[in-house]
Structure formats: structure tokens, C-alpha cells
Amino acid sequence: IAATQPSTDWHLKENAREHHTSKFSSEELIVRRGQAFTITFNGAERPEQNLIFIAETGPKPSKATKTLATFDISSTLSKEGWSAVLQSSSSSSVSISVSSPHNAVIGRYRLSVQSGSSSPQSLGTFVLLFNPWSSGDDVFMPNAAECEEYVLEEFGIIFAGNKNHISSFGWNFGQFQGDILNICLAIMDRSLYYRQDPITDVSHRHDPRYLGRVLSAMVNANDDQGVVLGNWSGKYEGGKNPTSWTGSGEILQSWKKSGFKPVKYGQCWVFAAVLTTVLRCLGIPTRTITNFSSAHDADGNLRVDEFYDADGNHLERGADSVWNFHVWNESWFTRNDLGPSYSGWQVLDATPQEESGGIYQCGPASRHAIKEGEVELDYDGPFVFAEVNADCMYWNYDSATGKKTLIFSKATEIGASISTKAVGRDARVDVTRDYKYEEGSAKEREIFKKARKKLGLEDKFDPTAPKQEEVEQKPDISGKFKVAGSLEVGKDLNLLLVLENLQSDAKTVNVNMTAWSTLYTRRRVNQIWKDSLSVTLAPKEEKQFPIKIKYPEYQQRLTTDKTIQVTALCHVKDGIPVLVKRNITLDNPAIDIQVLGEAKVNKEVVVEVAFTNPINEEVKDCVLQVEGSDLLQGILELRIPPLKASEKSSTKFKLIPSEAGPKHLLVNFFCDKFADIKTFKMVNVIN
């Protein structure tokens, strides 16, 4: 007769504490590989009866694919395979310590025990994750503060704006909240790789390099009905505007609730933030990286071509583009396939830009390989190298004749102020030097040539000689746009066009100017303003021309990215045209959060959010959204009455924090005149 079903005590609290998994709110045991955990079960016969344990994962577990392990009780825990050591036993129960290998497949396991010749009895299930605290693991991170930030921290700061004007906003990764771990496990089981060959896919899940690549494909909806659907049209009907999200939780929950239909809509930081949540949840140290003036080199020649017409309008010709900023990920793991110097931070990018291996996935590309121009190494080196290092070519294009003329080229434009959040602080750290040598240095040019050569892009005779139509002539004048005054939504935009004659004879210049509202990808959406002027510059003379674009002129035409591109194409008599351009990101008005009183675990605390309408007209349809892991469940949404010109609103709501420590409250306010005014506040919760 089969013995009664054993009941299992998983020692959830103690094991979670040892395994850095206490933040998960789960009734299931969640542990990390390569480290022992303790369980007690009863209903088994005496341990002398040679207990055999079976741990298995995936659809068809087998020893060959390392998805099935059988092990008995031994005297010491093994570093190589699965093993168990007896802790204590009585007539009714047995306590054992179980250890998995450093390179075990991660995921949900079924554990059963067999005594003698009787059939195996289930002890239940547990989830096994990567272990950055363990020196044998591929994701081992020796610095404990970095483990804390890149695996356990649920709050992040994402940098945006443009290189002249860096802004930032908070994000709630929320990797330990509610059902997120189960959703992350479901993501793996819905990938194309799993659908094509589930047995092989599961057997590769010991490898962060493999999973990073698979998940970079699954976070975008292209190819595989993945999590987030991208939209860069400026029109977001039928979904949420990408700028309105404040955390990954809502996105991942929506994906699951809808029966795994892609969530609308995302842009680069949404893909990167969701991938951060998934990888941190699984135990791979991960962070978001923002690259300013980021190149999207579609044709793989490490060059980005931009075309302008005679009026200075930026033309949508060719597939290359330069984005004001682009956000991707870095994950930390060893590269046994490339060698020790290529281990450490690896670039992953879930934004669907170009196909790799036939689907939209990108990375992992070793950051060290990118810096050294080793673009042939796996994966997607040329694309990532171009994002931070491509050369820019600006062309004047005549649509009537099809003739293109090089205005100028720039080797120092792309890949500026590459940024990430500091460890343990709400500050920006610049990591540009980790991606490339100093811009303009001989070493940087040498690496650029090395990368071109590896891609077979060098000219046989003279590697640096441009083609005939690419010979640059020296311009007679120079120009730039200067900002005069503040850059705020709701205020007039004041600029100065500064033109300088570089020659010792007078120059006559006809200037055609345009201003367009754009997306952060610099895609033009609406023309806001155009003007032209004629000027004669005396020898070596510098002149300034004030430009004013009034708020009512741009208010209806601005995108929610709040970006404007101003260009002036200067036609110099008997000389080559000169292009002056500037990308401007406007700031939203400020919003203020105050926590009234001390924040204590399981006690109500009142928060006040204040906003003053800065413009001379009423704002309506005002909504306040609030979220924050361990401060409130889900998202709080409050409707706010209309605000007259200069009127101040103050909104109060209550929080009941559930855990002590530094927590972050994220607030998003929007109305008919202002999109997504975001801020965050650190709340120190005490016991």
C-alpha cells in the first residue's frame, strides 16, 4: 500500500533569507542555484531506507539535457551535481539540505522522493533562479552593493531628453511584486525558441547569454506575440501613450490578463525597463543605459546619412536615423564563448530596430568588444558599435534632379553622455568611456577604422579617401542656435541664430529656417514655424538674429515627447550651403510631493501632491497616477478638477507601506495641455 502523501515544510522564511529572495511575496519556495536550502517532510519511512530524490523541470525531463536529476543522501554537499545531506530525522519526519549545481537550468522544478522500491511521492514544486552572490555562477557579481542595486532594487531612474539637456524620470521595475515571477516564467515558455523545440530550449536555460538573447526578442511583440508592441507614429489610439507608463508591473500584468496579447504601446525605454524587470526577477544583474545622439545604422556601413532640402527641412530619405536618445540594457555575466576579457557588462536591446538571425532580438554584445572595435564577435557587434560610434554625413538633396551634395560630415556627433543610475543613489553616472575611447582622439579613430576593416568597408587604395561626391569643401560661414531664456512647455521659445563670416571678404547669405515638432527619434510630426532672411556679413563679422516661437504657435503641434527640431539652411552666394540645426527638448512644469508625517510599516501616512497651472488658460481632464513597490498595491488614479490660469491644486491621499527601507513613490500628472508630468520621491519607511 502506498504511504500517505508526504507533507513538506519548505522553511520559506529561513531559505528566502539565505538566498536573497525574501522580497518575493510567494507561498512557493524560491531559491538560487549553487546554494543549499533546507526542507522537512514527514510521511517518509526511516532514512535508512535509502531515500532517492528526483528534481525535474520542463516538459520532458532527462539526464542528458540536465533537466532531470536523481540523488540520494550523501555525507557532503556536492559542487558538481544535485546532492542532499541529512540534517535530522525522527520517526515521523526527515530534514534535509539540498544543493543544486552552479550551472543548473533555472525555472520551476518538481521535487519528489522515493523510498526503497515504492513509487515516487511528490514533495511539491520550487523555483530555481540565477545566483549572483555565488562565485561559481556565470552571473557572479563580487560587489554586494552592486548585487543589491542590479538584482534587488525595484526602483530605477531612466535618463532622457537630449545631450544638451539631460532629463530623467523614475520607473518602478517591481520585479518582486505579485505574480511577476510567474509571468517571467511564462514569457520563457512562449518564445519562438521554446515553441520550435521545447526540450532544447529548456536545456539552455542555465546560460544567461542564451536567456538574455531569447528575452530581448520576447519583450517586443514582433515575431512572437511578445510583451510590448512598439509605436513611433505619434498617434497612440487604442492603447497607452508610451510616455505615460511609470512601471513594468502594469504592462506585464496586462499582457497576462489579455491572454498574452501584446500591450500597446512601447518605445525604447519601455522595452528596456520591462527587460530589466524580467532579468532582475530571474537573478541576472541588469541595468538600463541611455545613449544620447544614438545612431540607428540600418545598412551596416557604420555611417548615418541625413538629407535636407533647400528650405532646411529634414527629409525622410534612407533608413538611417539618429535618435535624441535610445535606451537599452546591460546585463552582467561571463562570456565563456569569447574569453575572460569579454566578460562583465553585456549589451542587450529589446527595442525592435533591426532583425538579427531573422527575428527582432539584439545582443548580448560584450561592452569590452564594442570599445575595442571587435565587431565580429557575437552578437550584433556592428549594430551596437554604430549606435555609439557611427559617423554622420549631412546631405543637401534636390528632389527635382535627384542630386545630393555633401554639406558636412561629423565624426564626434554620435554616442554622447552614455548614462545609467548610480549604485545606491538617485544620481547619474556617465559610462561613455566604457563604450569608446575619447571622442576625437587618435585611438578612437584607429578603433573606428579597425571596425570598418573587420566589416570589409575599407577602400583598397586609401582606406580614408572619401568618394568624389563626398569631398568636403570648406564653408565660408559658421552658424549655431543659442537658447535665450527657459525651455518650458507653456512659455514662448526664444532662440538666437548666430552667424559668423569666416572669410576676409563680405558674404551674402539667404537663410531658410523651419521648426518641426518631432518624436524623440527625431521623426518629424508637425511643422510649427518657418521663416527666411537675407543678410550680408562684413569680413569676419558675427551677427545674431532673435527667433521667437510663441506658445500658441506650438501648443497644438507639440508631441508628448516635447521635442522640437530647428534648422537653418544657409545658402551662401558662390559658396557651399551651411546647415545649422538644434534639437530642443522642453521641460514640463514642476510637480511637488510632500509626505506628511513619518512613514511606518502597516500604518497610514498622508501624501500631498501640489501642481500650479503655469499658463494663461484653464487646464482640464486632469489625472494623477501614483505607484510604488511596497508603498501601495497597483496604481492609484485620482481625477482632479479643472485649474484656472495660475491656480494651484493640492491633492491628498493615503498610503500604507508594507515593508521597511528606502522606497520610491512615482507620480504622473497629465491634463489636456500637459502630457505626463513625472516626478518621484524617496520615502524612508521605518518599522
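User: Which residues does Asp391 touch, not counting residues up to four places away in sequence?

Analyst: Contact means heavy atoms within 4.5 Å. With residues up to four places away in sequence left out, Asp391 touches Leu302, Arg303, Val304, Lys410, Ala411, Arg445 and Phe448. This is a predicted model, in which local features need pLDDT of at least 70 and side-chain atom pairs count only at pLDDT 80 or more, while totals for chains, interfaces and linings use all residues. Residues are numbered from 1 along each chain as its sequence is written, and side-chain values use heavy atoms, leaving out hydrogens and water.

User: Which residues does UniProt list for "binding site"?

Analyst: The unreviewed entry lists Asn389, Asp391, Glu439 and Glu444; such annotations may be inferred rather than shown by experiment. They span 56 residues in sequence, yet no two of their C-alpha atoms are more than 12.0 Å apart, so they gather at one spot.

User: Where is Asn389 found?

Analyst: Helix H10, residues 381–389, holds Asn389. Asn389 is buried, at a relative accessible area of 3%. Not counting residues up to four places away in sequence, Asn389 touches Ile414, Lys436, Glu439, Glu444 and Phe448.

User: Which residues does the "domain: Transglutaminase-like" annotation cover?

Analyst: In the unreviewed UniProt entry, this annotation covers residues 260–352. Over that stretch the chain is 16% helix and 44% strand, with the end C-alpha atoms 18 Å apart.

Note on methods:
Helices (H or I, at least four residues) and strands (E, at least two) are DSSP runs, numbered from the N terminus. Buried means under 20% relative accessible area, exposed over 50%, partly exposed in between (1.4 Å probe, protein chains only).
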